[in-house]
Amino acid sequence: MRVINSIYPKLPVFAQHVAISSFGIYWRWLRFGPGHAQFLRGFLERESFQSSDWENWQSHRLEDVLKGAISVSYYSKIWTKSQKDSALAGKLLELPLLEKEPLRAAPHDFLRTDMHPIHPLTFYTSGSTGTPIATIWRVAELRKSQALREARSARWAGVSFHHARGTFSGRMVEPNPESKGPFYRLNLAEKQVYFSPFHLRPGTAKYYIRALEKHHIRWLTGYAVSYYLLAKFILGQGLAVPSGIQAVITTSEKLTSEMRTIMEQAFGCRVFEEYSNVENSLFASECEHGRLHVSPDVAVVEILRPDGSPCLPGEAGEVVATTLMRTYQPLIRFRLGDMAMWDTEPCPCGRQMPVIKEVIGRIEDVVIGPDGRQMVRFHGIFTNQPHIREGQIIQESMKTIRVKVVTTTEFGAEDIQDVTYRIQQRLGDVTVLVEPVSEIPRTKAGKFQAVISNLNNQGGL
Ligand SMILES: [Zn+2]
């Protein structure tokens, strides 16, 4: 991988298409090779499970996972004798919560010592804050994860990984920041177009649309903010979107209802949200009724209050997950750093899979007012701001909020006043610095950060 990454930027565009397609053949084998069809059948069959079937299925799988975890050197060191007894008895709630730091510091300490995969794979979380975490997989686990996405994400949206798709992700696509295009590369092995999130601007949007047309793209997946931005350019410039696009499935980044509305208008199809992460410690996807169902065969998901007790439906809390699908590096009661709440109503689609009403945001995305009040998902202040294309909130201190905005030419003093008013209304007496910029830099993985807090750096928390 490292060799490919160092050679790739030096290749001409044509050779980059070939390199990606050749690598794509290997990836297709990894994802769709032996076992995939059987895994897919399993995921499809379990969708018709009743709640009692799910309970039985989960408790059996959990017993295996917890017994296996005893052989993991981290848990065997950290868990007390009575916690180990609880693990052997399958009593998950008696086990301690797992922070990210131990996993980040020593990912190999979390591997099952009784499993010896021939070809383990390592993927890194993008780590917008701090160092990335290495997650280590067996090939069979990767195939399962692909089968899961086919069954519960693509098919629920009426599409398939066998159809041509476009992807915005953190993969390096166009190494030159000053490139005049093309801003995508082809993976012929999977009829997939990789778009660069870094080059998307008002002047380049039309080239992205042309690529959708040229390669007969049927559905789009990847970063929510990139599709939202493209949608705004489409509407603003009256660009014609090819009619064959059937669905947009967003991953990473929070999808707000405003983003969804604009995207559905621009792309002329439904937008579906997928809530998961690189380590696959949880998976939730949207059904035809627009409800976000957790897959109980991927993880045991808990939503907890600060005192560790479970939240009631409709009550926001912290998401904690225990992996059932990835068992080589089992994560037991892992704190994901997300806030979410269970739905109070069952879904009319009939699937007996728990429904998350809302993923509220990252715990890191909290902004704090001088009187201590906390706001999550703060980027809501940009709703109905027609002259702001993108906005980012930076908490410089308890008293100062900087707002970076990429604006249209109509942006003026009234807009600045409006943003200032909205923030002061939510946070109280703070100084608001509205700063128009030409662009807002993405993280190394190409992700958009809605909120940045510098309080930790100053010891302000
Ligand atoms: Zn449903």
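Analyst: Two residues are in contact if their C-beta atoms, placed from the backbone, lie within 7 Å. The model is predicted: local features need pLDDT of at least 70, side-chain atom pairs count only at pLDDT 80 or more, and totals for chains, interfaces and linings use all residues. Residues are numbered from 1 along each chain as its sequence is written.

User: Among contacts with a separation of 6 or more, what percentage comes from residues 24 or more positions apart?

Analyst: The count concerns contacts in the protein with a separation of 6 or more. Residues 24 or more positions apart account for 65%.

User: How many helices and strands are there?

Analyst: Both are DSSP runs numbered from the N terminus: helices are H or I with at least four residues, strands are E with at least two. The protein has 12 helices and 20 strands.

User: Which strands stand at the edges of the open sheet of 12 strands?

Analyst: Two strands pair if DSSP finds at least two bridges between them. The sheet has mixed pairing and the order β4-β5-β3-β6-β7-β8-β9-β10-β14-β13-β12-β11. Each edge strand has a single partner, so one side of each is left without a neighbour in the sheet. These strands are β4 (184-187) and β11 (299-304).

User: In β14, which residue is the bridge partner of W342?

Analyst: Strand β13 (residues 334-342) and strand β14 (residues 355-362) run antiparallel, joined by 5 bridges. In β14, the partner of W342 is I356.

User: In β19, which residue is the bridge partner of T400?

Analyst: Strand β18 (residues 400-407) and strand β19 (residues 431-436) run parallel, with 6 bridges between them. In β19, T400 has as its bridge partner T431.
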